[in-house]
Amino acid sequence: MNLPVDLVGTEGGLVAMAGVLAVLALVDSTSFGTLLIPVWLLLAPGRVRAGRVLAYLGTVAAAYLLIGVAVLLGADALLERYGEALESRPALLVQLVLGVGLLALSFRFDGKRPARRAEANGGRPGRLTRWRERALGLDPAAASPVLPLMGLALGAVTIEVATMLPYLAAIGLLTASDLATPVTLGVLALYCVVMVLPALLLLSGRLVASRWIDPLLRRLERWLSKNAAEMTGWVLGIVGVLLALDAVGRLGWA
């Protein structure tokens, strides 16, 4: 997929690239692991356990950063060795198939399924509820107050690996830039901070103004729980269409 390399190389281009990266990071900040679970942790009964929420967000950001560094370094080596092959007709056909596949997959993300599963469960506490109790120290049987929390964070990141498309787009943009490797890694780290920033702001609000922030958190939790699957489907569909159209254009079929 061609990247807007004209965004880099000039002062104005760097500002434009920073804006694109900020938008992508904010899109990533609305995901299951970066917003829905933090909101869900903030709504746990009793006082706010800020340290544990921060530990969760730190684990998520660190995991994203490690994945990003691995992909970024791997992308550089891949482009250097196989750049011409990736522009070949077979590679473009694979990209086309991938785009169509993502578009088809997007239709499987039905927002009504979670509600049906909850109804089938009879209202009993689910696995995530039990994880929340262990992560926040509400379960006396939990062996460690930290390991369940890290497990929840890493589990959320693992679930999102297949759908972290805004993050991969940001990595692609950085790969196409002329920034030095240390600067690129620093920008990637800043991206991960921006990605968890909305959750940090909600945590701050919960600590200093819980009376006003709690109704907002509950409405946000209901909306995210209802629409998380559909949002994932939209992201997959949009990226699928972009990949397919890009391939069609470079194959000369349009």
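## Ground rules and overall picture

A residue is called buried here when its relative accessible area is under 20%, exposed when over 50%, and partly exposed in between (1.4 Å probe, protein chains only). By that rule Thr34, at 0% relative accessibility, counts as buried. This is a predicted model, so local features need pLDDT of at least 70 and side-chain atom pairs count only at pLDDT 80 or more, while totals for chains, interfaces and linings use all residues. Residues are numbered from 1 along each chain as its sequence is written, and side-chain values use heavy atoms, with hydrogens and water left out.

On to the chain itself. It has ten helices and zero strands, where helices (H or I, at least four residues) and strands (E, at least two) are DSSP runs numbered from the N terminus. Of its 254 residues, 36% count as buried. Take the contacts (heavy atoms within 4.5 Å) between residues at least 6 apart in sequence: 82% of them join residues at least 24 apart.

## Thr34 and its surroundings

Thr34 sits in helix H2, which covers residues 32–42. Its side chain has two polar partners to look at, a polar contact being a pair of N or O atoms within 3.5 Å; within protein, one must be able to donate a hydrogen and the other to accept it, and residues adjacent in sequence count only if both atoms are side-chain atoms. A polar atom of the Thr34 side chain lies 2.7 Å from the backbone oxygen of Asp28. The side chain of Ser31 also makes a polar contact with that of Thr34, at 2.7 Å.

Leaving out residues up to four places away in sequence, Thr34 touches Asp28, Ser29, Leu57, Val60, Glu160, Met195 and Ala199. Two of these names, Met195 and Ala199, come back in the next section as part of H9.

## H2 against H9

Two packed helices are described by the angle between their axes and the distance between the axes. Axes are lines fitted to C-alpha atoms, for helices over the stretch in contact, and angles run from 0 to 180 degrees between N-to-C directions. H2 and H9 pack at about 15°, with axes 9 Å apart. They are therefore roughly parallel; the labels are roughly parallel under 35 degrees, roughly antiparallel over 145, roughly perpendicular from 65 to 115, and oblique for the rest.

On the H2 side, Thr34, Leu35, Pro38, Val39 and Leu42 meet Met195, Ala199, Leu202, Leu203 and Arg206 of H9.

## H8, mostly covered

Helix H8 runs over residues 165–176 and spans 16 Å from first to last C-alpha, close to the 16 Å expected at 1.5 Å a residue (the expected span is 1.5 Å times one less than the number of residues). Nine of its twelve residues are buried, including Leu165, Gly172 and Leu173.

H8 also packs on H9 (residues 181–208): the axes come within 11 Å and cross at roughly 160°. That makes the two helices roughly antiparallel. The contact is made by Pro166, Tyr167, Ala170, Ile171 and Leu174 of H8 with Thr184, Val187, Leu188, Tyr191 and Cys192 of H9.

Thr175 is another H8 residue, and its 16% relative accessibility makes it count as buried. Its side chain reaches the backbone oxygen of Ile171 at 2.8 Å.

Ala91 belongs to helix H4, residues 89–106. Its relative accessibility is 21%, so Ala91 counts as partly exposed. Ala247 is 156 residues away along the chain, yet the C-alpha atoms of Ala91 and Ala247 are separated by 9.1 Å.
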